Each structure stands twice: as structure tokens, then as C-alpha cells.
Amino acid sequence: MPLGVHSQMRVLVERYQGKVAVVAAVLGVREYTVKRIIQGSRMPVGPGLRQRLQAVVLQTSCPVFVAAEAADAERVRQRDARRATRWALRDGRDG
């Protein structure tokens, strides 16, 4: 994972193929803010934006995190399938 707000923001913009508006929407900030951070502004970034930025970069770039998210999604899918089966069996008995 890249260290520093500027490098993390650059990675996100590269990840979204240079679309600053998309990165701004994902982070919940204005396009101007994203451009300012990429250009290396000395203005400090608030803790909320810093945390959101780290979380999004981690979700998009870390292979371990991506694999864990995929495994969680698969577990949820299997759980929902089991629940649907149980409900179908219950509905069959009641009718």
C-alpha cells in the first residue's frame, strides 16, 4: 500500500483511469480537493478524508484484502442459499 496521502490519491486516480470526478465521488469530496492533493498541496488533509482514502486504497489495491472480501461474499451467498432452502422446506410443510 502506498504511504502518504499524495501517493495514495495518485494510485486511486490511476486506478480509475484518470477520472478525478469518480475518485471525488468515491471519497465524498470535491474534484478540486482531489486535484489539490495530487498536485502536492501543503494544506493538511483532515482525519476523516485520510481514513476514507486509506480504506478505499486498501480495498482496491491489496490482494489479501480483495481475496478476503471475495471469500466473505461467497460465505454470505452460501448462507443465503441455505436460508432460502430452509424457508422453502418450512413453507412446504406448512402448506
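Student: Is glutamine 17 buried or exposed?
Tutor: This is a predicted model. Glutamine 17 lies in the loop between α1 and α2. The cut-off for exposed is over 50% relative accessible area. Glutamine 17 has 66%, so the residue counts as exposed.

Student: What is phi of glutamine 17 near?
Tutor: Glutamine 17 is a residue other than glycine, yet its phi is positive. The residue sits in a loop, between α1 and α2.

Student: Which pattern does the protein chain follow along the sequence?
Tutor: Start with the count of elements. The chain has five helices and zero strands. Read along the sequence, that gives α-α-α-α-α.

Student: What radius of gyration does the protein chain have?
Tutor: Take the reference first. A compact globule of 95 residues would come near 12 Å. The box around the C-alpha atoms is roughly 70 × 25 × 25 Å along the principal axes. The radius of gyration of the chain is 20 Å.

Student: Which elements give two or more residues to the largest nonpolar core?
Tutor: The largest nonpolar core has 15 residues. Those with the most contacts inside it include Met9, Val23, Val34 and Leu53. The elements giving two or more residues to this core are α1 (5-15), α2 (20-27), α3 (31-38) and α4 (47-61).

Student: Which residues does methionine 9 touch, not counting those up to four places away in sequence?
Tutor: Met9 is among the core residues with the most contacts inside the core. Contact here means heavy atoms within 4.5 Å. With residues up to four places away left out, methionine 9 touches Val23, Leu27, Val34, Ile37, Ile38 and Leu53.

Student: How does leucine 58 count by accessibility?
Tutor: Leucine 58 is placed in helix α4. Buried needs under 20% and exposed over 50%. Leucine 58 has 30% relative accessibility, so the residue counts as partly exposed.

Student: What distance separates the C-alpha atoms of leucine 58 and tryptophan 87?
Tutor: Leucine 58 belongs to helix α4. Tryptophan 87 is 29 residues apart from leucine 58 along the chain. Their C-alpha atoms are separated by 37 Å.

Student: How far apart are the mean positions of the positive and negative charges?
Tutor: Count the charges first. The chain has 17 positive and 8 negative charges. Their mean positions are apart by 9 Å.

Student: What share of the accessible surface belongs to carbon and sulfur atoms?
Tutor: Of the 95 residues, 20% count as buried. The accessible surface of the chain comes to about 6900 Å². The share belonging to carbon and sulfur atoms is 56%.

Terms used. Residues are numbered from 1 along each chain as its sequence is written. This is a predicted model: local features need pLDDT of at least 70, side-chain atom pairs count only at pLDDT 80 or more; totals for chains, interfaces and linings use all residues. Side-chain values use heavy atoms; hydrogens and water are left out. Helices (H or I, at least four residues) and strands (E, at least two) are DSSP runs, numbered from the N terminus. The radius of gyration is taken over C-alpha atoms; the globule rule is 2.2 Å times the number of residues to the power 0.38. Buried means under 20% relative accessible area, exposed over 50%, partly exposed in between (1.4 Å probe, protein chains only). Accessible areas come from the Shrake-Rupley method with a 1.4 Å probe; for residues, only the protein chains shown count as cover. Lys and Arg count as positive and Asp and Glu as negative; His and the chain ends are not counted. The place of a charge is taken as NZ of Lys, CZ of Arg, CG of Asp or CD of Glu. A nonpolar core is a set of buried Ala, Val, Leu, Ile, Met, Phe, Trp, Tyr and Cys residues joined through side-chain atoms within 4.5 Å.
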